[in-house]
Amino acid sequence: MKLRKQIANRLQLAIKQDIMKKKEEVGKQLFTGKSELVEVTMNGNKEVTEVVIKNEDLTKDDIEVLQDMIMIATNDAIKNVDQAMEKAMGQYGSALNGLF
């Protein structure tokens, strides 16, 4: 019985390490979403790293302000989603720690 528990613990640790490694690998990647006038880039940690607005009718300063505002608002929304997920998954305690 003790041997089974040791094997299960080692397997659980190996799986958790593999998940964390994959999460770290994805975290380093960049992902881009595009629409007709807006392009948003974020890393695998769901942090917006760049917003590009393509519109000749706006001044350069207007576009820069809008890009910053979109980036800040998007990152804030993602943070709120993560907090809600953490709260909802709280019942599972440390079993999911760092997985989401």
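This report covers the fold, strand pairing, salt bridges and surface of a predicted model.

Residue numbers start from 1 along each chain as its sequence is written, and side-chain values use heavy atoms, with hydrogens and water left out. Because the model is predicted, local features need pLDDT of at least 70 and side-chain atom pairs count only at pLDDT 80 or more, while totals for chains, interfaces and linings use all residues.

**Overall fold**

The protein has two helices and three strands, where helices (H or I, at least four residues) and strands (E, at least two) are DSSP runs numbered from the N terminus. Along the sequence these elements follow the pattern α-β-β-β-α. The radius of gyration is 20 Å, well over the 13 Å that the globule rule gives for 100 residues, so the protein is more spread out than a compact globule. That radius is taken over C-alpha atoms, and the globule rule is 2.2 Å times the number of residues to the power 0.38. Along the principal axes, the C-alpha atoms fill a box of roughly 70 × 25 × 20 Å.

Of the 100 residues, 11% are buried; buried means under 20% relative accessible area, exposed means over 50%, and partly exposed lies in between (1.4 Å probe, protein chains only). Among contacts (heavy atoms within 4.5 Å) with a separation of 6 or more, 22% link residues 24 or more positions apart.

**The strands**

Strand E1 (residues 30-34) and E2 run antiparallel and are joined by five bridges; strands pair if DSSP finds at least two bridges between them. A hairpin of three residues connects E1 to E2. E2 and E3 also run antiparallel, again with five bridges. Val40 in E2 stands opposite Gly33 and opposite Val51 in E3.

In a regular strand the side chains alternate between the two faces of the sheet. The covered face of E2 holds Glu39, Thr41 and Asn43, and the uncovered face holds Val38, Val40 and Met42. The hairpin of E2 and E3 has four residues between the strands, and Lys46 there takes a positive phi near 65°.

**Salt bridges**

The structure holds five salt bridges, each defined as a side-chain nitrogen of Lys or Arg within 4 Å of a carboxyl oxygen of Asp or Glu.

Asp82 is partly exposed at 28% relative accessible area, and Lys46 is partly exposed at 37%.

Asp18 and Lys22 are four residues apart in helix H1, about one helical turn. Both are partly exposed, Asp18 with a relative accessible area of 37% and Lys22 with 46%.

**Surface**

The protein exposes about 8,300 Å², of which carbon and sulfur atoms supply 57%. Accessible areas come from the Shrake-Rupley method with a 1.4 Å probe, and for residues only the protein chains shown count as cover.

Leu11, Ile15, Ile19 and Met20 make a nonpolar surface patch of about 340 Å². Patches are made of residues with over 30% relative accessible area and no salt bridge, with like charges joined within 9 Å and nonpolar side chains (Val, Leu, Ile, Met, Phe, Trp, Tyr) within 5 Å. Ile19 is found in helix H1 (residues 2-27) and is partly exposed, with a relative accessible area of 35%.
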